[in-house]
Amino acid sequence: MIHKFKMFGTNIVVDVNSGSVHVFDEISFDILDFYEKLSKEQIVDKLSDKYDREEISEAVDEINDLAKKELLYCPDIYKDYMPLWDKKSVVKALCIHISHDCNLRCKYCFASTGDFGGSRTMMSPEIGKKAIDFLIKESGSRRNLELDFFGGEPLMNFDAVKIIIDYALSISEKYNKNFKFTITTNALLLKEEYKEYINKHIQNIVLSIDGREETNDRMRYRVDGTGSYKDIIGKIKDIADSRNQDNYYVRGTFTRENLDFSKDVLHLADEGFKQISVEPVVAAKDTGYDIREEDLPQLFKEYEELAHEYVKRDKEGNGFNFFHFMIDLDQGPCIAKRLSGCGSGHEYLSVTPDGDIYPCHQFVGMEEFKMGNVCEDSFERNKQNTFMKSNVYSKEECSACWAKFYCSGGCAANAYQFNNDINLPYKIGCELEKKRLECALWIKTQI
Amino acid sequence: MKHIKTLSGPTLKDSVKNCGCGECQTSCQSACKTSCTVANQSCQKK
(Lines give C-alpha, C1' and ligand atoms only; values in the text may rest on other atoms or scores of the structure.)
Protein backbone atom coordinates (compact mmCIF):
# COMPACT_ATOMS: atom_id res chain seq x y z
CA MET A 1 0.00 0.00 0.00
CA ILE A 2 1.25 3.47 -0.84
CA HIS A 3 0.01 6.97 -0.06
CA LYS A 4 0.83 9.83 -2.42
CA PHE A 5 0.15 13.48 -1.78
CA LYS A 6 1.30 16.86 -2.96
CA MET A 7 2.04 19.71 -0.59
CA PHE A 8 3.39 23.13 -1.59
CA GLY A 9 4.58 21.63 -4.88
CA THR A 10 6.42 18.66 -3.32
CA ASN A 11 5.27 15.17 -4.33
CA ILE A 12 5.57 12.82 -1.38
CA VAL A 13 5.06 9.06 -1.49
CA VAL A 14 4.80 6.92 1.63
CA ASP A 15 5.24 3.19 1.38
CA VAL A 16 3.01 2.18 4.25
CA ASN A 17 4.35 -1.27 5.08
CA SER A 18 8.09 -0.70 4.73
CA GLY A 19 8.02 2.77 6.27
CA SER A 20 9.93 4.26 3.33
CA VAL A 21 9.27 7.85 2.31
CA HIS A 22 10.16 9.24 -1.12
CA VAL A 23 10.00 12.51 -3.01
CA PHE A 24 8.84 12.00 -6.61
CA ASP A 25 9.13 14.30 -9.60
CA GLU A 26 6.02 15.07 -11.67
CA ILE A 27 6.45 12.21 -14.16
CA SER A 28 7.03 9.48 -11.59
CA PHE A 29 4.23 10.88 -9.39
CA ASP A 30 1.76 10.68 -12.30
CA ILE A 31 2.89 7.17 -13.22
CA LEU A 32 1.75 5.90 -9.81
CA ASP A 33 -1.87 6.48 -10.86
CA PHE A 34 -1.49 3.70 -13.43
CA TYR A 35 1.24 1.55 -11.94
CA GLU A 36 0.07 -1.96 -11.06
CA LYS A 37 -2.93 -1.43 -13.38
CA LEU A 38 -1.21 -0.96 -16.74
CA SER A 39 1.89 -2.37 -18.41
CA LYS A 40 4.97 -0.20 -18.89
CA GLU A 41 4.11 0.32 -22.58
CA GLN A 42 0.56 1.30 -21.75
CA ILE A 43 1.79 3.80 -19.15
CA VAL A 44 4.20 5.33 -21.66
CA ASP A 45 1.35 5.68 -24.19
CA LYS A 46 -1.00 7.07 -21.57
CA LEU A 47 1.34 9.85 -20.45
CA SER A 48 3.10 10.56 -23.76
CA ASP A 49 0.97 13.67 -24.38
CA LYS A 50 2.36 15.21 -21.24
CA TYR A 51 5.93 13.89 -21.01
CA ASP A 52 8.77 12.62 -23.19
CA ARG A 53 8.44 8.85 -23.84
CA GLU A 54 12.05 8.15 -22.88
CA GLU A 55 11.64 10.00 -19.59
CA ILE A 56 8.45 8.10 -18.74
CA SER A 57 10.16 4.80 -19.45
CA GLU A 58 13.09 5.77 -17.23
CA ALA A 59 10.80 6.76 -14.38
CA VAL A 60 8.86 3.47 -14.63
CA ASP A 61 12.17 1.64 -14.33
CA GLU A 62 12.99 3.57 -11.16
CA ILE A 63 9.63 2.66 -9.65
CA ASN A 64 10.18 -0.98 -10.66
CA ASP A 65 13.53 -0.88 -8.94
CA LEU A 66 12.06 0.44 -5.68
CA ALA A 67 9.22 -2.08 -5.83
CA LYS A 68 11.73 -4.89 -6.31
CA LYS A 69 13.59 -3.73 -3.21
CA GLU A 70 10.24 -3.54 -1.35
CA LEU A 71 10.67 0.18 -0.81
CA LEU A 72 7.39 0.60 -2.66
CA TYR A 73 4.36 -1.71 -2.56
CA CYS A 74 5.97 -3.69 0.24
CA PRO A 75 3.63 -6.43 1.48
CA ASP A 76 2.26 -6.32 5.03
CA ILE A 77 4.32 -8.88 6.89
CA TYR A 78 3.50 -7.86 10.43
CA LYS A 79 0.14 -9.43 11.13
CA ASP A 80 1.45 -12.96 10.97
CA TYR A 81 4.98 -12.16 12.03
CA MET A 82 4.20 -10.65 15.40
CA PRO A 83 2.67 -12.91 18.02
CA LEU A 84 2.32 -9.71 20.03
CA TRP A 85 -1.09 -10.36 21.47
CA ASP A 86 -0.15 -13.72 22.95
CA LYS A 87 2.28 -12.14 25.36
CA LYS A 88 1.32 -11.31 28.93
CA SER A 89 0.93 -7.58 29.14
CA VAL A 90 2.89 -5.55 31.64
CA VAL A 91 2.04 -2.15 33.05
CA LYS A 92 4.73 0.48 32.53
CA ALA A 93 3.00 3.79 33.10
CA LEU A 94 0.42 5.21 35.46
CA CYS A 95 -1.52 8.41 35.29
CA ILE A 96 -1.86 9.35 38.94
CA HIS A 97 -4.98 11.42 39.56
CA ILE A 98 -3.47 13.22 42.48
CA SER A 99 -6.30 15.74 42.60
CA HIS A 100 -9.89 15.46 41.50
CA ASP A 101 -10.37 19.13 42.12
CA CYS A 102 -9.35 22.12 40.08
CA ASN A 103 -9.02 25.86 40.51
CA LEU A 104 -10.22 26.41 36.96
CA ARG A 105 -13.57 25.57 35.40
CA CYS A 106 -12.50 25.06 31.79
CA LYS A 107 -15.54 24.82 29.58
CA TYR A 108 -14.22 21.93 27.48
CA CYS A 109 -12.78 19.87 30.35
CA PHE A 110 -13.25 16.14 29.74
CA ALA A 111 -12.85 15.69 33.50
CA SER A 112 -16.10 17.58 34.21
CA THR A 113 -14.08 20.62 35.39
CA GLY A 114 -11.83 18.48 37.53
CA ASP A 115 -13.96 15.99 39.44
CA PHE A 116 -14.42 13.43 36.63
CA GLY A 117 -18.09 13.26 37.42
CA GLY A 118 -17.49 12.30 41.06
CA SER A 119 -16.70 14.21 44.19
CA ARG A 120 -13.88 16.76 44.49
CA THR A 121 -11.25 14.73 46.29
CA MET A 122 -7.49 14.48 46.72
CA MET A 123 -5.34 11.35 46.57
CA SER A 124 -3.70 10.55 49.88
CA PRO A 125 0.02 9.73 49.95
CA GLU A 126 -0.90 6.23 51.16
CA ILE A 127 -2.99 5.51 48.08
CA GLY A 128 -0.24 6.98 45.90
CA LYS A 129 2.25 4.58 47.48
CA LYS A 130 -0.12 1.67 46.84
CA ALA A 131 -0.23 2.76 43.20
CA ILE A 132 3.57 2.63 43.04
CA ASP A 133 3.55 -0.86 44.59
CA PHE A 134 0.95 -1.94 42.04
CA LEU A 135 3.05 -0.56 39.18
CA ILE A 136 6.18 -2.32 40.36
CA LYS A 137 4.30 -5.57 40.75
CA GLU A 138 2.66 -5.38 37.33
CA SER A 139 5.70 -4.13 35.44
CA GLY A 140 7.56 -7.42 35.31
CA SER A 141 11.07 -6.97 34.00
CA ARG A 142 10.47 -3.55 32.42
CA ARG A 143 12.95 -1.11 33.84
CA ASN A 144 11.70 2.26 32.62
CA LEU A 145 8.47 3.20 34.39
CA GLU A 146 6.52 6.43 34.08
CA LEU A 147 4.28 8.32 36.43
CA ASP A 148 2.23 11.30 35.36
CA PHE A 149 0.72 13.45 38.09
CA PHE A 150 -2.54 14.59 36.67
CA GLY A 151 -5.80 16.15 37.74
CA GLY A 152 -7.82 18.19 38.23
CA GLU A 153 -4.98 20.41 39.26
CA PRO A 154 -2.00 18.52 40.75
CA LEU A 155 -0.47 21.57 42.44
CA MET A 156 -3.51 21.61 44.75
CA ASN A 157 -2.06 18.45 46.30
CA PHE A 158 1.66 18.98 45.77
CA ASP A 159 2.75 17.69 49.18
CA ALA A 160 1.34 14.31 48.24
CA VAL A 161 3.17 14.46 44.89
CA LYS A 162 6.45 14.92 46.74
CA ILE A 163 5.80 12.08 49.18
CA ILE A 164 4.89 9.70 46.35
CA ILE A 165 7.98 10.64 44.31
CA ASP A 166 10.20 10.18 47.37
CA TYR A 167 8.65 6.77 47.93
CA ALA A 168 9.14 5.69 44.31
CA LEU A 169 12.77 6.78 44.34
CA SER A 170 13.39 5.09 47.70
CA ILE A 171 12.51 1.68 46.32
CA SER A 172 13.65 2.08 42.70
CA GLU A 173 17.06 0.53 43.24
CA LYS A 174 15.67 -2.41 45.16
CA TYR A 175 13.41 -3.32 42.26
CA ASN A 176 15.80 -2.18 39.50
CA LYS A 177 13.38 0.42 38.18
CA ASN A 178 14.03 3.77 36.58
CA PHE A 179 11.13 6.14 37.27
CA LYS A 180 10.39 9.09 35.03
CA PHE A 181 7.93 11.67 36.27
CA THR A 182 5.64 14.08 34.48
CA ILE A 183 3.32 16.67 35.96
CA THR A 184 0.49 18.38 34.11
CA THR A 185 -0.56 21.73 35.54
CA ASN A 186 -2.43 24.92 34.75
CA ALA A 187 0.37 26.79 36.58
CA LEU A 188 -1.93 29.01 38.65
CA LEU A 189 -0.39 27.80 41.92
CA LEU A 190 3.14 27.50 40.59
CA LYS A 191 5.60 29.13 42.98
CA GLU A 192 9.36 29.23 43.44
CA GLU A 193 9.47 26.34 45.90
CA TYR A 194 7.42 24.08 43.60
CA LYS A 195 9.46 25.11 40.58
CA GLU A 196 12.69 24.14 42.28
CA TYR A 197 11.32 20.74 43.26
CA ILE A 198 9.86 20.10 39.81
CA ASN A 199 13.10 21.04 38.06
CA LYS A 200 15.07 18.77 40.33
CA HIS A 201 12.85 15.68 40.33
CA ILE A 202 10.32 15.81 37.50
CA GLN A 203 11.60 15.08 33.99
CA ASN A 204 8.69 16.55 32.05
CA ILE A 205 6.14 19.22 32.80
CA VAL A 206 3.04 19.87 30.72
CA LEU A 207 1.79 23.44 31.13
CA SER A 208 -1.76 24.12 30.05
CA ILE A 209 -2.38 27.30 28.05
CA ASP A 210 -4.44 27.63 24.90
CA GLY A 211 -2.62 30.44 23.08
CA ARG A 212 -3.80 34.03 22.69
CA GLU A 213 -5.32 35.66 25.75
CA GLU A 214 -8.82 35.83 24.27
CA THR A 215 -8.65 32.16 23.19
CA ASN A 216 -7.36 31.02 26.54
CA ASP A 217 -9.76 33.03 28.67
CA ARG A 218 -12.81 32.07 26.61
CA MET A 219 -12.38 28.50 27.80
CA ARG A 220 -9.99 28.54 30.74
CA TYR A 221 -11.49 30.57 33.55
CA ARG A 222 -11.67 30.43 37.31
CA VAL A 223 -14.61 29.50 39.52
CA ASP A 224 -15.60 33.20 39.56
CA GLY A 225 -15.48 33.35 35.77
CA THR A 226 -12.29 35.42 35.41
CA GLY A 227 -9.73 34.37 32.84
CA SER A 228 -6.40 32.79 33.73
CA TYR A 229 -4.03 34.01 31.00
CA LYS A 230 -2.56 37.05 32.76
CA ASP A 231 -1.75 35.06 35.89
CA ILE A 232 -0.12 32.11 34.18
CA ILE A 233 1.81 33.46 31.20
CA GLY A 234 4.68 34.83 33.30
CA LYS A 235 4.90 31.72 35.47
CA ILE A 236 4.87 29.42 32.48
CA LYS A 237 7.57 31.42 30.71
CA ASP A 238 9.67 31.43 33.85
CA ILE A 239 9.59 27.67 34.37
CA ALA A 240 10.16 26.98 30.64
CA ASP A 241 13.23 29.22 30.71
CA SER A 242 14.44 27.66 33.95
CA ARG A 243 14.41 24.29 32.13
CA ASN A 244 16.39 25.79 29.25
CA GLN A 245 13.34 25.59 26.99
CA ASP A 246 13.48 21.80 27.08
CA ASN A 247 11.73 18.91 28.81
CA TYR A 248 8.38 20.65 28.98
CA TYR A 249 5.38 21.36 26.75
CA VAL A 250 3.01 24.23 26.67
CA ARG A 251 -0.16 22.36 25.85
CA GLY A 252 -3.29 23.94 24.47
CA THR A 253 -6.62 22.82 23.14
CA PHE A 254 -8.39 24.33 20.16
CA THR A 255 -12.11 24.21 19.63
CA ARG A 256 -14.65 25.26 17.04
CA GLU A 257 -14.43 28.72 18.59
CA ASN A 258 -10.82 29.19 17.45
CA LEU A 259 -10.58 27.31 14.19
CA ASP A 260 -7.76 29.75 13.35
CA PHE A 261 -5.69 27.92 15.95
CA SER A 262 -2.43 28.35 14.02
CA LYS A 263 -2.46 31.92 15.36
CA ASP A 264 -2.55 30.50 18.88
CA VAL A 265 0.39 28.20 18.18
CA LEU A 266 2.35 31.09 16.69
CA HIS A 267 1.40 33.31 19.61
CA LEU A 268 3.00 30.79 21.96
CA ALA A 269 6.06 30.63 19.69
CA ASP A 270 6.20 34.45 19.65
CA GLU A 271 6.16 34.41 23.45
CA GLY A 272 9.38 32.40 23.27
CA PHE A 273 8.13 28.87 23.88
CA LYS A 274 10.08 26.19 22.03
CA GLN A 275 8.04 23.08 22.94
CA ILE A 276 4.43 23.47 21.88
CA SER A 277 1.48 21.14 21.61
CA VAL A 278 -1.95 22.45 20.64
CA GLU A 279 -4.59 19.87 19.92
CA PRO A 280 -8.21 19.53 18.86
CA VAL A 281 -10.83 19.34 21.58
CA VAL A 282 -12.58 16.06 22.13
CA ALA A 283 -16.02 17.22 23.08
CA ALA A 284 -19.46 15.74 23.01
CA LYS A 285 -21.48 16.45 19.91
CA ASP A 286 -23.46 19.68 19.86
CA THR A 287 -21.71 21.32 22.78
CA GLY A 288 -21.19 24.24 20.42
CA TYR A 289 -17.41 24.07 20.48
CA ASP A 290 -17.02 20.49 19.19
CA ILE A 291 -15.11 20.08 15.92
CA ARG A 292 -17.42 19.08 13.08
CA GLU A 293 -16.84 17.55 9.71
CA GLU A 294 -17.57 20.84 7.96
CA ASP A 295 -14.71 22.45 9.90
CA LEU A 296 -12.13 20.10 8.42
CA PRO A 297 -11.23 22.09 5.26
CA GLN A 298 -10.42 25.15 7.36
CA LEU A 299 -8.45 23.12 9.87
CA PHE A 300 -6.47 21.43 7.09
CA LYS A 301 -5.59 24.87 5.75
CA GLU A 302 -4.54 25.95 9.23
CA TYR A 303 -2.21 22.96 9.61
CA GLU A 304 -0.68 23.67 6.20
CA GLU A 305 -0.12 27.34 6.99
CA LEU A 306 1.36 26.39 10.32
CA ALA A 307 3.70 23.89 8.64
CA HIS A 308 4.80 26.56 6.18
CA GLU A 309 5.57 29.04 8.94
CA TYR A 310 7.24 26.28 10.98
CA VAL A 311 9.73 25.63 8.19
CA LYS A 312 10.25 29.34 7.55
CA ARG A 313 11.06 30.02 11.20
CA ASP A 314 13.33 27.01 11.39
CA LYS A 315 15.32 28.24 8.40
CA GLU A 316 15.57 31.68 9.98
CA GLY A 317 17.05 30.12 13.12
CA ASN A 318 13.93 30.81 15.14
CA GLY A 319 12.32 27.38 15.04
CA PHE A 320 10.20 25.61 17.62
CA ASN A 321 8.87 22.09 18.12
CA PHE A 322 5.22 21.42 17.48
CA PHE A 323 4.37 18.07 19.05
CA HIS A 324 2.31 16.74 16.18
CA PHE A 325 4.76 17.81 13.51
CA MET A 326 7.56 15.90 15.15
CA ILE A 327 8.30 12.65 13.41
CA ASP A 328 11.47 10.64 13.45
CA LEU A 329 11.76 8.78 10.18
CA ASP A 330 14.97 6.99 11.09
CA GLN A 331 14.82 6.34 14.80
CA GLY A 332 11.13 6.20 15.53
CA PRO A 333 9.38 3.42 17.39
CA CYS A 334 9.60 -0.20 16.28
CA ILE A 335 6.70 -2.04 14.68
CA ALA A 336 5.67 -3.64 17.98
CA LYS A 337 5.11 -0.20 19.49
CA ARG A 338 3.31 0.98 16.38
CA LEU A 339 0.93 -1.96 16.55
CA SER A 340 0.16 -1.59 20.22
CA GLY A 341 -0.40 2.17 20.16
CA CYS A 342 -0.61 4.33 23.25
CA GLY A 343 -0.97 1.32 25.52
CA SER A 344 -4.09 2.51 27.30
CA GLY A 345 -5.82 -0.19 29.29
CA HIS A 346 -2.85 -2.53 29.34
CA GLU A 347 0.56 -0.79 29.52
CA TYR A 348 -0.83 2.55 30.63
CA LEU A 349 -3.50 2.92 33.31
CA SER A 350 -5.02 5.64 35.45
CA VAL A 351 -5.47 5.56 39.20
CA THR A 352 -8.07 7.80 40.85
CA PRO A 353 -7.80 9.44 44.31
CA ASP A 354 -9.68 6.43 45.72
CA GLY A 355 -7.27 3.99 44.13
CA ASP A 356 -9.63 2.85 41.38
CA ILE A 357 -7.93 1.69 38.20
CA TYR A 358 -9.18 2.74 34.75
CA PRO A 359 -7.78 2.16 31.24
CA CYS A 360 -6.68 5.79 31.00
CA HIS A 361 -7.55 9.25 32.29
CA GLN A 362 -10.30 9.63 29.71
CA PHE A 363 -12.18 6.56 30.92
CA VAL A 364 -12.17 7.64 34.56
CA GLY A 365 -15.69 7.76 35.94
CA MET A 366 -17.10 5.27 33.41
CA GLU A 367 -18.02 2.52 35.84
CA GLU A 368 -18.09 -0.20 33.16
CA PHE A 369 -14.40 0.42 32.50
CA LYS A 370 -13.24 0.23 36.12
CA MET A 371 -10.52 -2.42 36.23
CA GLY A 372 -9.84 -2.77 39.95
CA ASN A 373 -8.38 -0.93 42.89
CA VAL A 374 -4.76 -0.60 44.00
CA CYS A 375 -5.74 -0.89 47.68
CA GLU A 376 -7.70 -4.08 47.22
CA ASP A 377 -5.03 -5.60 45.02
CA SER A 378 -7.69 -6.32 42.43
CA PHE A 379 -7.08 -6.06 38.72
CA GLU A 380 -9.31 -7.43 35.97
CA ARG A 381 -7.01 -9.04 33.45
CA ASN A 382 -9.80 -9.76 31.01
CA LYS A 383 -10.30 -6.02 30.63
CA GLN A 384 -6.55 -5.55 30.24
CA ASN A 385 -6.54 -8.20 27.52
CA THR A 386 -9.41 -6.53 25.68
CA PHE A 387 -7.34 -3.35 25.40
CA MET A 388 -4.17 -5.24 24.56
CA LYS A 389 -5.92 -6.95 21.68
CA SER A 390 -7.19 -3.66 20.31
CA ASN A 391 -4.68 -2.68 17.63
CA VAL A 392 -4.48 -1.62 14.01
CA TYR A 393 -5.47 -5.12 12.88
CA SER A 394 -8.51 -5.35 15.12
CA LYS A 395 -9.88 -2.09 13.70
CA GLU A 396 -11.44 -2.68 10.34
CA GLU A 397 -11.28 0.96 9.34
CA CYS A 398 -7.54 1.08 10.02
CA SER A 399 -6.67 -1.79 7.71
CA ALA A 400 -7.04 0.33 4.58
CA CYS A 401 -5.58 3.49 6.10
CA TRP A 402 -2.11 4.68 5.10
CA ALA A 403 -1.53 6.31 8.50
CA LYS A 404 -2.10 3.19 10.61
CA PHE A 405 1.56 2.71 11.58
CA TYR A 406 1.93 6.37 12.51
CA CYS A 407 -1.11 6.77 14.74
CA SER A 408 -1.41 3.09 15.71
CA GLY A 409 -5.15 3.02 15.52
CA GLY A 410 -5.86 6.23 17.40
CA CYS A 411 -7.26 6.91 20.81
CA ALA A 412 -9.45 4.19 22.36
CA ALA A 413 -11.27 6.71 24.54
CA ASN A 414 -12.18 8.91 21.59
CA ALA A 415 -13.41 5.85 19.72
CA TYR A 416 -15.58 4.84 22.64
CA GLN A 417 -16.94 8.33 23.29
CA PHE A 418 -18.06 8.77 19.69
CA ASN A 419 -18.82 5.23 18.55
CA ASN A 420 -19.32 3.19 21.74
CA ASP A 421 -16.60 0.83 20.63
CA ILE A 422 -12.85 1.09 21.30
CA ASN A 423 -12.25 -0.56 17.93
CA LEU A 424 -14.24 2.00 15.90
CA PRO A 425 -11.99 5.04 15.41
CA TYR A 426 -13.23 8.60 15.83
CA LYS A 427 -13.43 9.82 12.24
CA ILE A 428 -12.73 13.52 12.72
CA GLY A 429 -9.71 12.62 14.83
CA CYS A 430 -8.48 10.33 12.04
CA GLU A 431 -8.82 13.04 9.39
CA LEU A 432 -6.93 15.56 11.50
CA GLU A 433 -4.25 13.02 12.33
CA LYS A 434 -3.71 12.24 8.65
CA LYS A 435 -3.40 15.92 7.82
CA ARG A 436 -0.88 16.46 10.63
CA LEU A 437 1.15 13.52 9.39
CA GLU A 438 1.20 14.85 5.84
CA CYS A 439 2.44 18.18 7.18
CA ALA A 440 5.05 16.44 9.32
CA LEU A 441 6.30 14.47 6.32
CA TRP A 442 6.40 17.58 4.15
CA ILE A 443 8.42 19.36 6.83
CA LYS A 444 10.92 16.48 6.65
CA THR A 445 11.42 17.21 2.97
CA GLN A 446 12.23 20.83 3.78
CA ILE A 447 14.46 20.82 6.86
CA MET B 1 17.95 8.02 -9.20
CA LYS B 2 16.87 10.84 -11.43
CA HIS B 3 13.13 10.94 -10.81
CA ILE B 4 12.83 9.76 -7.21
CA LYS B 5 14.66 10.77 -4.07
CA THR B 6 14.36 8.42 -1.10
CA LEU B 7 14.01 10.34 2.13
CA SER B 8 14.01 7.36 4.44
CA GLY B 9 14.44 3.64 3.92
CA PRO B 10 12.47 0.64 5.17
CA THR B 11 12.68 1.60 8.82
CA LEU B 12 9.53 -0.28 9.79
CA LYS B 13 10.56 -3.46 8.07
CA ASP B 14 14.04 -3.24 9.58
CA SER B 15 12.60 -2.70 13.04
CA VAL B 16 11.12 -6.22 13.04
CA LYS B 17 14.57 -7.71 13.64
CA ASN B 18 15.03 -6.28 17.08
CA CYS B 19 11.77 -4.99 18.39
CA GLY B 20 9.31 -5.12 21.22
CA CYS B 21 11.53 -4.49 24.25
CA GLY B 22 8.82 -2.12 25.48
CA GLU B 23 11.22 0.22 27.28
CA CYS B 24 10.03 3.19 25.23
CA GLN B 25 7.93 6.04 26.55
CA THR B 26 4.19 5.60 26.75
CA SER B 27 2.77 7.76 23.99
CA CYS B 28 0.12 9.46 26.03
CA GLN B 29 2.49 10.47 28.82
CA SER B 30 4.34 13.09 26.84
CA ALA B 31 2.05 15.91 25.87
CA CYS B 32 -0.97 14.82 24.00
CA LYS B 33 -3.40 13.22 26.44
CA THR B 34 -6.15 13.29 23.84
CA SER B 35 -4.83 12.82 20.33
CA CYS B 36 -2.63 9.85 19.85
CA THR B 37 0.46 9.93 17.69
CA VAL B 38 2.89 7.13 18.19
CA ALA B 39 5.35 7.81 15.39
CA ASN B 40 6.80 10.85 17.10
CA GLN B 41 8.07 8.81 20.01
CA SER B 42 11.68 7.67 20.19
CA CYS B 43 13.07 4.18 20.43
CA GLN B 44 15.03 3.72 23.66
CA LYS B 45 17.54 1.47 21.94
CA LYS B 46 18.70 4.06 19.45
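**Helix packing and buried positions in chain A**

The buried residues of helix α13(A) pack against β14 (378-379) and α16 (412-419) of chain A, where contact means heavy atoms within 4.5 Å and buried means under 20% relative accessible area, with exposed over 50% and partly exposed in between (1.4 Å probe, protein chains only). Helices (H or I, at least four residues) and strands (E, at least two) are DSSP runs, numbered from the N terminus. The model is a predicted one, in which local features need pLDDT of at least 70 and side-chain atom pairs count only at pLDDT 80 or more, while totals for chains, interfaces and linings use all residues. Residues are numbered from 1 along each chain as its sequence is written, chains are lettered from A and ligands numbered from 1 in the order in which they are written, and side-chain values use heavy atoms, leaving out hydrogens and water.

Helix α13 spans residues 381-388 of chain A, and its buried residues are Gln384(A), Phe387(A) and Met388(A). These cover an arc of only 100° around the axis and therefore sit on the same side of α13(A), the arc being that of the directions from the helix axis to the C-beta atoms.

Helix α6 (residues 158-172) of chain A takes part in a crossing with helix α5 (residues 125-138) of chain A, in which the axes come within 9 Å and cross at roughly 35°. Here axes are lines fitted to C-alpha atoms, for helices over the stretch in contact, and angles run from 0 to 180 degrees between N-to-C directions. The crossing of α5(A) and α6(A) is right-handed, meaning that the near helix is turned clockwise from the far one by less than a right angle (left-handed if anticlockwise). On α5(A), the contact is made by Pro125(A), Gly128(A), Lys129(A), Ile132(A), Asp133(A) and Ile136(A), and on α6(A) by Ala160(A), Ile163(A), Ile164(A), Tyr167(A), Ala168(A) and Ile171(A).

Turning to α7 (residues 192-201) of chain A, its axis and that of α6(A) come within 12 Å and cross at roughly 25°. The two helices are therefore roughly parallel to each other, a term for angles under 35 degrees. The crossing of α6(A) and α7(A) is left-handed. Contributing to this contact are Phe158(A), Lys162(A), Ile165(A), Asp166(A) and Leu169(A) of α6(A), together with Glu193(A), Tyr194(A), Tyr197(A), Ile198(A) and His201(A) of α7(A).

Ala240(A) lies in helix α9 (residues 229-242) of chain A and, at 0% relative accessibility, counts as buried. Leaving aside residues up to four places away in sequence, Ala240(A) touches Gln245(A), Asp246(A), Tyr248(A) and Phe273(A).

Technical notes: Parallel < 35°, antiparallel > 145°, perpendicular 65-115°, else oblique.
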